[in-house]
Amino acid sequence: LAADAADHDAAIAWYAEAIELAPDVRGLYDEALQRIDEFLARGLFDQDASRARGFARRAEHMLDERMRRWPDAAPPVARGRIQLLVGTAEMHAGHPSEAKEHFEASLASAETPDALLQLGLLEERTGDPREALRLYRRALDLTPNEDPGDALQRARILEHLGDAYRMAEEADQARRMYRQSLEAWERLQPMLQAGPGLARLQVRRGVLLDRLGEREPARHAFQEAMTAAPQMRETYATVLAHLVSAEAVDLELATEVFRQSMRQLTLQAEWKVYFALWVKAIAARAGGEVSADVEMVLREQADASGWSGRLAAFGIGDLPYGELLEAAGTEGEETEAHFYEGARRLADGDATGARQLFERVLATRMVGFYEYTMAQQLLRP
């Protein structure tokens, strides 16, 4: 009941007490471990890595006790998976060194494509594309090509290989990986109907086609993604974040995506602000003007309480960068303040100042943030 009510700490405390009362009931251990796995997998503690660590310690203690009592019965959650999930939380919280330790511990427990992929992504985002390439290749070697699930994983790994080659400035190899990933996604397309799965597939197709310079097919894929699952926020966020740093700046498409997202009644106010600011960043690169509806959304949100209201006020020029930065209460908010000030300076023609702000974004090590990835891409030669 506590877990269903999102009272995660109380849930695990009740499970621990139940196990203490009946230590020989294996089902109690299994249910508790599955709940902890669920909490971590949903990213509930991505901004609070200390809680993720605490849950991991509880899980490992339960695993130790379970394996001591039933050494021949495989647990429902492997030790390596717990380390992987905690590492992911550490990465999103801006602790790359701690994340790396957990990913390596996961791999020491069991070498899995998921752990290799996450460690590779961490290495890529912290500036070591060669090590990322090694890890991605190993992940690909361990991923068979026997069913749709395997094919999905291979498509993702191939795209990451393309990204790492691109960062390593090996354009031909990057294009080859992108083409292979695109072909893998397209083989999966007949198996998917309208819905989130098809939307994600079309988004990946759009990004890959854009990386390959096929602009019109890319635009069509993005439009198909929005049609497949119109209320899925992830689609709009991924497309707009990609367009912020895309090689070919497309303000017209960004405006279309923004307007489509605003029609979704379930879109939270904070995401309206982020999407509006991303369109402004795209306009800064394009040297164009944002549409009136972008400015209108920011004005509507500028009086809201909390961080998103301050970002909106900054976006319309009512809050200076210094005051925005002073209001930031977390490293994540500081990351965002640096990025949006960099985008503003870019719009003002101050490329040097923008670059300095984007470098400050990378210095925060908030590798799980959209703003970190966008800044890293914008700093590429």
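**Exercise 1. Name the residues that ring pairs link into a cluster with Tyr370.**

Solution. In this predicted model, begin at Tyr370 and follow the ring pairs, which link Trp271, Tyr274, Phe275, Trp278 and Tyr370 into a cluster. For the structure as a whole, the count comes to eleven aromatic pairs.

**Exercise 2. Classify the aromatic pair formed by Phe339 and Tyr340, and then the pair formed by Phe339 and Phe358.**

Solution. Step one: the rings of Phe339 and Tyr340 lie 5.2 Å apart, centre to centre, with 85° between their planes, and because planes over 60 degrees apart count as edge-to-face, this pair is edge-to-face.

Step two: the ring centres of Phe339 and Phe358 are 5.4 Å apart and their planes stand at 35°, so this pair is tilted.

Step four: consider burial, for which the cut-off is under 20% relative accessible area. Phe339 is buried, at 0%, Phe358 is buried, at 3%, and Tyr340 is buried too.

**Exercise 3. Describe the surroundings of Val86, leaving aside its neighbours within four places in sequence.**

Solution. First locate Val86, which is found in helix α4 (residues 79-92), and note that Val86 is buried, with a relative accessible area of 0%. Then list the contacts of Val86 beyond those neighbours, namely Leu40, Ala52, Arg53, Ala56 and His102. Finally, turn to Thr364, which is 278 residues from Val86 along the chain, and whose C-alpha atom is separated from that of Val86 by 20 Å.

Note on methods:
Residues are numbered from 1 along each chain as its sequence is written. This is a predicted model: local features need pLDDT of at least 70, side-chain atom pairs count only at pLDDT 80 or more; totals for chains, interfaces and linings use all residues. Side-chain values use heavy atoms; hydrogens and water are left out. Rings of Phe, Tyr and Trp (its six-membered ring) pair if their centres lie within 6.5 Å; planes under 30 degrees apart count as stacked, over 60 as edge-to-face and the rest as tilted. Buried means under 20% relative accessible area, exposed over 50%, partly exposed in between (1.4 Å probe, protein chains only). Helices (H or I, at least four residues) and strands (E, at least two) are DSSP runs, numbered from the N terminus. Contact means heavy atoms within 4.5 Å.
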